[in-house]
Amino acid sequence: MLKFLKQVGDYAKEAVQAGRYIGQGLSVTFDHMQRRPVTVQYPYEKLIPSERFRGRIHFEFDKCISCEVCVRVCPINLPVVDWEFDKASKKKNLKHYSIDFGVCIFCGNCVEYCPTNCLSMTEEYDLCTYDRHQLNYDNVALGRLPYKVTDDPMVTPLRELVYLPKGVTSPHDLPANTRGAGLHPEELVEQQEK
Ligand code: SF4
Ligand code: SF4
């Protein structure tokens with residue numbers, strides 16, 4: 001008899017636990033039913049990349065001194081610096097420069113260590129092509145000014161999740177001056193100085 005009562009007790013306990021789990025699962029489902037869709041309708045809508053986003057590299061030919069530091073700090077020795085030595089001026093003359101974005105891992109080392117700051121990361125991320133060889137950018141392609149989501153009249157720019165106000169998950173229909181959650185860098189500096 002005692003054994004039977006124990007079995008009934010265990011069964012009831014498991015039934016209550018199962019009910020609780022089902023309730024938890026359904027609460028998530030019902031919570032999502034109240035939310036608005038957050039789908040970004042690419043390519044008509046695009047997310048604005050974050051400030052420190054590492055996209056396509058921009059190169060300024062006139063600033064480059066052909067020192068090849070970028071090649072040495074690159075984990076895969078990727079940048080190709082083609083130069084010739086000018087005996088008259090005893091200086092290196094840059095002829096061509098290229099980076100293959102089909103291989104680049106966008107680590108930013110070359111940008112960080114370039115002594116003349118002729119390399120910079122841009123917010124351009126849409127580099128898709130049908131032929132991977134077209135991802136090998138020469139100095140002309142690298143020197144092209146970067147595409148900006150906010151400058152494209154055909155695109156609706158949307159803020160990323162981290163730049164949305166607290167509790168807001170959809171970047172649609174937000175007034176332009178809505179503040180994101182958290183402190184701005186200058187406010188953080190001010191707070192540390194106090
Ligand atoms: S580190 Fe900068 S200056 Fe030196 S070769 Fe590379 S891009 Fe040119
Ligand atoms: S971003 Fe990194 S992988 Fe790409 S070229 Fe520069 S150092 Fe090399």
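User: Helices (H or I, at least four residues) and strands (E, at least two) are DSSP runs, numbered from the N terminus. Where does Pro43 lie in those terms?

Analyst: This is a predicted model. In it, Pro43 sits in the loop that joins H1 to strand E1, and E1 covers residues 45-47.

User: And which form does the peptide bond from Tyr42 to Pro43 take, cis or trans?

Analyst: That bond is cis, and its omega is near 5°. As background, most peptide bonds are trans.

User: Let us go back to the whole chain. How many helices and strands does the protein have?

Analyst: There are 5 helices and 7 strands. Followed along the sequence, they give the pattern α-β-β-α-β-β-α-β-β-α-β-α.

User: What radius of gyration does the protein have, against that of a compact globule?

Analyst: The protein has 27 Å, whereas a compact globule of 194 residues would have a value near 16 Å. The C-alpha trace spans about 105 × 50 × 45 Å along its principal axes.

User: How much of the protein is buried?

Analyst: Buried residues account for 10% of the 194 residues. As for contacts between residues at least 6 apart in sequence, 68% of them join residues at least 24 apart.

User: What span should helix H1 have?

Analyst: Helix H1 runs over residues 2-34, which is 33 residues. At 1.5 Å a residue it should span 48 Å, and the C-alpha atoms at its ends are 48 Å apart, so the two values agree.

User: What is the count of buried residues in H1?

Analyst: The count is 0 among its 33 residues, so H1 is hardly covered.

User: New topic. Where does UniProt place the feature "binding site"?

Analyst: The UniProt entry, which is unreviewed, places that feature at Cys64, Cys67, Cys70 and Cys114. These positions span 51 residues in sequence, yet no two of their C-alpha atoms are more than 10.5 Å apart, so they gather at one spot.

User: Which residues come nearest to ligand 1?

Analyst: Of the 13 residues around ligand 1, the nearest are Cys64, Cys67, Val69, Cys70 and Cys114. That shell divides into 10 nonpolar residues, 2 polar and 1 charged.

User: And around ligand 2, which come nearest?

Analyst: There are 13 residues around ligand 2, and Cys74, Cys104, Cys107, Asn109 and Cys110 come nearest. This shell holds 11 nonpolar and 2 polar residues, with no charged one.

User: Back to Cys64. Is it buried or exposed?

Analyst: Cys64 has 21 C-beta neighbours inside 10 Å, and a residue needs 20 or more to be buried, so Cys64 counts as buried. Its place is in the loop between strand E2 (57-59) and helix H2 (69-73). Leaving out residues up to four places away in sequence, Cys64 touches Leu94, Tyr97, Thr116 and Cys118.

User: Where does Cys70 lie, and why does Cys70 count as buried?

Analyst: Cys70 lies in helix H2. It counts as buried because it has 25 C-beta neighbours inside 10 Å. Beyond its neighbours within four places in sequence, Cys70 is in contact with Pro79, Cys110, Tyr113, Cys114 and Leu119.

User: What about Lys63: what does it touch?

Analyst: Not counting residues up to four places away in sequence, Lys63 touches Thr116, Asn117 and Cys118. Lys63 and Thr116 are 53 residues apart along the chain, and their C-alpha atoms are separated by 6.3 Å. Lys63 is placed in the loop between E2 and H2, and with 13 C-beta neighbours inside 10 Å it counts as partly exposed.

User: One more matter. What is phi of Asn77?

Analyst: Phi of Asn77 is near 45°, which is a positive value in a residue other than glycine. Most residues other than glycine have a negative phi. Asn77 lies in the loop between H2 and strand E3 (80-86). With 11 other C-beta atoms within 10 Å, Asn77 is exposed.

User: And what is phi of Lys90?

Analyst: Phi of Lys90 is near 55°, again a positive value in a residue other than glycine. Lys90 has its place in the loop between E3 and strand E4 (91-100). Lys90 counts as exposed because it has 7 C-beta neighbours inside 10 Å.

Key
Residues numbered from 1 in each chain as written. Chains lettered and ligands numbered in written order. Predicted model: local features only at pLDDT ≥ 70, side-chain atom pairs only at ≥ 80, totals over all residues. UniProt positions renumbered as here; feature names shortened; annotations may be inferred. Buried ≥ 20, exposed ≤ 12 C-beta atoms within 10 Å, placed from the backbone. Contact = placed C-beta atoms within 7 Å. Near = placed C-beta within 6 Å. Nonpolar A, V, L, I, M, F, W, Y, C, P; charged D, E, K, R; others polar. Rg over C-alpha atoms; globule rule 2.2 N^0.38 Å. Expected span 1.5 Å × (residues − 1).
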